[in-house]
Amino acid sequence: MSTTQSERLRELLEPLVSSQGLDLEEIEVDSVGRKRVLRVVVDSDTGADLDQIADVSRALSAKLDETDAMGEGEYTLEVGTPGAERALTEHRHYVRATDRLVKFQLAEGGELVARILKVDDEGVDTEVPGVKGRKATARRIVFDDIVRARVQVEFSRKDKKEEEA
């Protein structure tokens, strides 16, 4: 998708997404045979439920139908939320990932897997899990030292409420 089309679509769709209480995270146009697919990723601090996704999908579809933003050809609109292993690229993504396990690629080289405990304007406070019976350790990571960060899927972690019971 050209940058111009991407910018036009973002300008057109972002106010509609915001009016639904959501953030527009990503816009992507793919060609699938002769058809095009417009994928729109939305999210919020509390997540987005199916009703919100359906509402925003209807609003975006109506807006796109009344404009020529997607051109003359057929296209399919897909609206969804970020995947379970989402990349953290914005400050709000780190805030939303608080208490989640994240894999950081660091500017100094190497990777670190740690749980985000707290986020501020300069960086994140994390807890690095202990290995082989060792205790977890605290570590501060400033945003300038993070090359890439991605939420990790956890299958065996107990919910906080279960731990407190």
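1. A nonpolar core is taken here as a set of buried Ala, Val, Leu, Ile, Met, Phe, Trp, Tyr and Cys residues joined through side-chain atoms within 4.5 Å. Buried denotes under 20% relative accessible area, exposed over 50%, and partly exposed the range in between, with a 1.4 Å probe and protein chains only. The largest such core has 19 residues, of which L38, V40 and L64 touch the most other members. At least two residues of this core come from each of α1 (3-19), β1 (23-32), β2 (35-43), α2 and β3 (75-80). Another core, of 16 residues, lies apart from it and includes L106, L112, I141 and I146. In soluble globular proteins, nonpolar side chains tend to be buried together.

2. On provenance: the model is predicted, with local features requiring pLDDT of at least 70 and side-chain atom pairs counted only at pLDDT 80 or more, whereas totals for chains, interfaces and linings use all residues. Residues are numbered from 1 along each chain as its sequence is written, and side-chain values use heavy atoms, with hydrogens and water left out. Helices (H or I, at least four residues) and strands (E, at least two) are DSSP runs, numbered from the N terminus.

3. Contact is defined as heavy atoms within 4.5 Å. Setting aside neighbours within four places in sequence, V40 is in contact with L13, L24, E26, L60, L77, E78, V79 and G80. L64 belongs to helix α2 and is buried, its relative accessible area being 2%. With the neighbours within four places in sequence again left aside, L64 contacts L9, L12, L13, L38, A69, M70, Y75 and L77. Between L64 and L77, 13 residues apart in sequence, the C-alpha to C-alpha distance is 9.4 Å.

4. The geometry of helix α2 is consistent with expectation. The expected span of a helix is 1.5 Å times one less than its number of residues. For the 16 residues of α2 (residues 50-65) this gives 22 Å, and the end C-alpha atoms are 22 Å apart, which agrees.

5. Which residues of α2 are buried? They are I53, V56, L60 and L64. These residues cover an arc of only 75 degrees around the axis and therefore lie on the same side of α2; the arc is that of the directions from the helix axis to the C-beta atoms. An α-helix has 3.6 residues a turn, so residues three or four places apart point the same way. The face of α2 turned away from the buried side carries the exposed residues D51, R58 and D65.

6. At the start of α2, a side-chain oxygen of D49 comes within 3.1 Å of the backbone nitrogen of D51. In the other case, a polar side-chain atom of R36 lies 2.4 Å from the backbone oxygen of M70.

7. R36 is placed in strand β2 and counts as buried because its relative accessibility is 19%. Not counting residues up to four places away in sequence, R36 touches Q5, V29, D30, S31, M70, G71, G73, E74, Y75 and T76.

8. The structure holds one aromatic pair. Rings of Phe, Tyr and Trp (its six-membered ring) pair if their centres lie within 6.5 Å; planes under 30 degrees apart count as stacked, over 60 as edge-to-face and the rest as tilted. Y94 and F143 form this pair in an edge-to-face arrangement, at 5.0 Å centre to centre and 65 degrees between the planes. The pair links distant parts of the chain, 49 residues apart: Y94 is in helix α3 (residues 91-96), and F143 is in the loop between β7 (137-142) and β8 (146-151). Y94 counts as buried at 6% relative accessibility.

9. Two residues other than glycine have positive phi values. For D99, in the loop between α3 and β4 (101-106), phi is near 75 degrees; D99 counts as partly exposed at 24% relative accessibility. For K132, in the loop between β6 and β7, phi is near 55 degrees; K132 counts as exposed at 83% relative accessibility.

Key
A polar contact is a pair of N or O atoms within 3.5 Å; within protein, one must be able to donate a hydrogen and the other to accept it, and residues adjacent in sequence count only if both atoms are side-chain atoms.
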